[in-house]
Amino acid sequence: MTFVTKLTFQSGNRYELEDQLSELQEMLERKGAECKGPHAAPPEHHTVPQYRNLAPGDEFSSWDYTVYSRKLEIHGNDHIAREVGHMDFPESLHVEIEVEQKKPLGHRNK
């Protein structure tokens, strides 16, 4: 059975996100890992109201920010995926890891 490790990276700093992903991709290529991506999602724009106190109507201007996302998949190479899962990424980068088990076609469940 093959494992697919799906990585999702999010950050408000697009340049740091791209820099970290290019370093990661270079490492994966050096080690011979089969990967797909990074795939970019459209940036998400958020607006958050800010209040001076708990009373209604007294507000600061809203806080606007953008979140940039990229997805990357590592196929097989479990030891490399495990190594990536233990890496230290900057605090400004949010990383989600999902592992999916792929069964060969025609595989019967018992």
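# Briefing on a predicted model

Ala-81 makes contact with Thr-5 and Ile-74, its neighbours within four places in sequence being left aside. The model is a predicted one. UniProt, in an unreviewed entry, assigns residues 6–98 the feature "domain: Small ribosomal subunit protein uS10".

**Annotated span**

**Nonpolar core**

- The largest nonpolar core comprises 15 residues, and Phe-9, Leu-24, Leu-28 and Val-84 have the most contacts inside it.
- At least two residues of this core come from each of strand S1 (2–11), helix H1 (14–30), strand S3 (59–75) and helix H2 (78–85).
- The most is given by H1, which supplies 5 residues to this core.
- Leu-24 is in contact with Phe-9, Leu-72, Val-84 and Met-87, leaving aside neighbours within four places in sequence.
- As general background, nonpolar side chains in soluble globular proteins tend to be buried together.

**Packing of H1 and H2**

- Two packed helices are described by the angle between their axes and the distance between the axes.
- For H1 and H2, the angle is about 155° and the axes are 11 Å apart.
- H1 is therefore roughly antiparallel to H2, since angles over 145 degrees fall in that class.
- H1 and H2 cross in a right-handed sense.
- On the H1 side, Leu-24, Met-27 and Leu-28 take part, and they meet Ile-80, Glu-83 and Val-84 of H2.

**Individual buried residues**

- Ala-81 belongs to helix H2.
- Ala-81 counts as buried because its relative accessible area is 10%, where the limit for buried is under 20%.
- Between Ala-81 and Arg-70 there are 17 Å in space, C-alpha to C-alpha, and the two residues are 11 residues apart in sequence.
- Thr-8 is located in strand S1, and Thr-8 is buried, with a relative accessibility of 16%.
- With neighbours within four places in sequence left aside, Thr-8 is in contact with Arg-70, Lys-71, His-94, Val-95 and Glu-96.
- Gln-20 is part of helix H1, and its relative accessibility of 19% means that Gln-20 counts as buried.
- Residues up to four places away in sequence not being counted, Gln-20 touches Phe-89, Pro-90 and Leu-93.

**Backbone features**

- In general, most peptide bonds are trans, and most residues other than glycine have a negative phi.
- The peptide bond that runs from Gly-37 to Pro-38 is cis, its omega being near 5°.
- Pro-38 lies in strand S2, which covers residues 34–51.
- Asn-77, a residue other than glycine, has a positive phi, near 45°.
- The loop between S3 and H2 contains Asn-77.
- Asn-77 is classed as partly exposed because its relative accessible area is 25%, a value between the limits of 20% for buried and 50% for exposed.

Key. Residues numbered from 1 in each chain as written. Predicted model: local features only at pLDDT ≥ 70, side-chain atom pairs only at ≥ 80, totals over all residues. Heavy atoms only, no water. Core = buried A, V, L, I, M, F, W, Y, C linked by side-chain atoms within 4.5 Å. Buried < 20%, exposed > 50% of the residue type's maximum accessible area, 1.4 Å probe, protein only. Helix = DSSP H or I, 4+ residues; strand = E, 2+ residues; numbered from the N terminus. Contact = heavy atoms within 4.5 Å. UniProt positions renumbered as here; feature names shortened; annotations may be inferred. Axes fitted to C-alpha atoms, helices over the stretch in contact; angles between N-to-C directions. Parallel < 35°, antiparallel > 145°, perpendicular 65-115°, else oblique. Left-handed = near helix turned anticlockwise from the far one by under 90°.
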